[in-house]
Amino acid sequence: MSRDWCAVGDDAGRKAFEDAAPSTLHCNGSLASFMFGHTLEIKGTVTVYGAPAVHARSTSFGTGTFCDAVLTVGGNKFPVHRSMLAIGSPVFLAMFSGDFKESASHNVDITGDYSTAVFEKFLEYMYTGVMSDCSYGELVDLMELGHIYLVDGLVDDCKRRLLKCGADSALTVLQAALEKPFMPENVLSRAIKVALDNWETVVGSSEWAEFEAEHPTASRMLKGTKGTVPSLPSVTRI
């Protein structure tokens, strides 16, 4: 990646900064220097190097310091740093740097029915790259946010966790896999297998009645199969 920047500091400090592991950042205009502890003038596509960027992302989360944008979710407002979101999401990068209303207003309305807890975990991942403990229902919502905002690492992490579903979470994951077009086929297959392998537990759960009511065809096919993996009706995958 090309770089066009000027850093204030001694040569040893700059050498250590450059030698650290890189992460890519696409900029359109200048970037606040507080992120790196250097005075930077950044143009075009740059590579941000090493620990300073990682440290800035993790320590900025939840502090409210130097926030320069607001995300609104279900009436709740979340102050954020545009640079942090742009690093992790090409969608946010386009919003804040392109010819969109968000680049001028610095306000983004997030569509979708997401709980405060889910969106806080989404932002935590955007800042730190780490996902907190989540319920399987929260994993589905986080995976959806990852797809919408093209956060590939979050999508992959959610997929890995969903593939570990057990008897107590199989119906939650199966229902999501039937309803959500972004859910991978192997997550659907895993949920079906777990449900069939733990049939008595699944049909005796409080969630089964709701699942039967919302997915009568799928529930009938499961009842009639019990032993082989059925081909259940599902939404078109993307």
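A search of the whole structure, which is a predicted model, finds 7 aromatic pairs. One of these is the tilted pair of phenylalanine 78 and phenylalanine 119, with 5.1 Å from centre to centre and 55° between the planes. Phenylalanine 78 belongs to strand E4 (residues 76-80) and phenylalanine 119 to helix H6, so the pair ties together parts that are 41 residues apart in sequence. The protein chain has 238 residues, of which 41% count as buried, and its secondary structure comes to 13 helices and 5 strands.

**Aromatic residues**

- Phenylalanine 78 counts as buried, at 10% relative accessibility.
- Phenylalanine 119 is likewise buried, and its relative accessible area is 0%.
- Both residues belong to one aromatic cluster, which is formed by Phe78, Phe92, Phe96, Phe119, Phe122 and Tyr149.

- Leucine 85 is in contact with Leu71, Val80, Phe92, Phe96, Leu123, Met126 and Tyr127, when its neighbours within four places in sequence are left aside.
- Among the contacts in the protein chain with a separation of 6 or more, 62% are between residues 24 or more positions apart.

**Helix H8**

- In helix H8 (residues 152-162), the buried residues are Leu154, Val155, Asp157, Cys158 and Leu162.
- These residues lie on the same side of H8, because they cover an arc of only 165° around the axis.
- Their packing partners are four helices: H6 (116-128), H7 (136-148), H9 (170-179) and H10 (185-197).

**Aspartate 157**

- Aspartate 157 is located in helix H8 and has a relative accessible area of 18%; the residue counts as buried because the cut-off is under 20%.
- The side chain of aspartate 157 is joined to that of tyrosine 125 by a polar contact of 3.3 Å.
- With residues up to four places away in sequence not counted, aspartate 157 touches Tyr125 and Met131.

**Cysteines**

- The count of disulfides in the model is 0.
- Cysteine 134 is in no disulfide, and the nearest cysteine sulfur is that of cysteine 158, 6.8 Å away.

**Methionine 95**

- Methionine 95 is part of helix H4 (residues 90-97) and is buried, with a relative accessible area of 16%.
- Not counting residues up to four places away in sequence, methionine 95 touches Phe100, Glu102, Ser103, Val108 and Tyr149.
- Tyr149, one of these contacts, is also a member of the aromatic cluster.
- The C-alpha atoms of methionine 95 and arginine 82 are 9.6 Å apart in space, and the two residues are 13 residues apart in sequence.

Technical notes:
Residues are numbered from 1 along each chain as its sequence is written. This is a predicted model: local features need pLDDT of at least 70, side-chain atom pairs count only at pLDDT 80 or more; totals for chains, interfaces and linings use all residues. Side-chain values use heavy atoms; hydrogens and water are left out. Buried means under 20% relative accessible area, exposed over 50%, partly exposed in between (1.4 Å probe, protein chains only). Helices (H or I, at least four residues) and strands (E, at least two) are DSSP runs, numbered from the N terminus. The arc is that of the directions from the helix axis to the C-beta atoms. Contact means heavy atoms within 4.5 Å. A polar contact is a pair of N or O atoms within 3.5 Å; within protein, one must be able to donate a hydrogen and the other to accept it, and residues adjacent in sequence count only if both atoms are side-chain atoms. Rings of Phe, Tyr and Trp (its six-membered ring) pair if their centres lie within 6.5 Å; planes under 30 degrees apart count as stacked, over 60 as edge-to-face and the rest as tilted. A disulfide is a pair of cysteine sulfur atoms within 2.5 Å.
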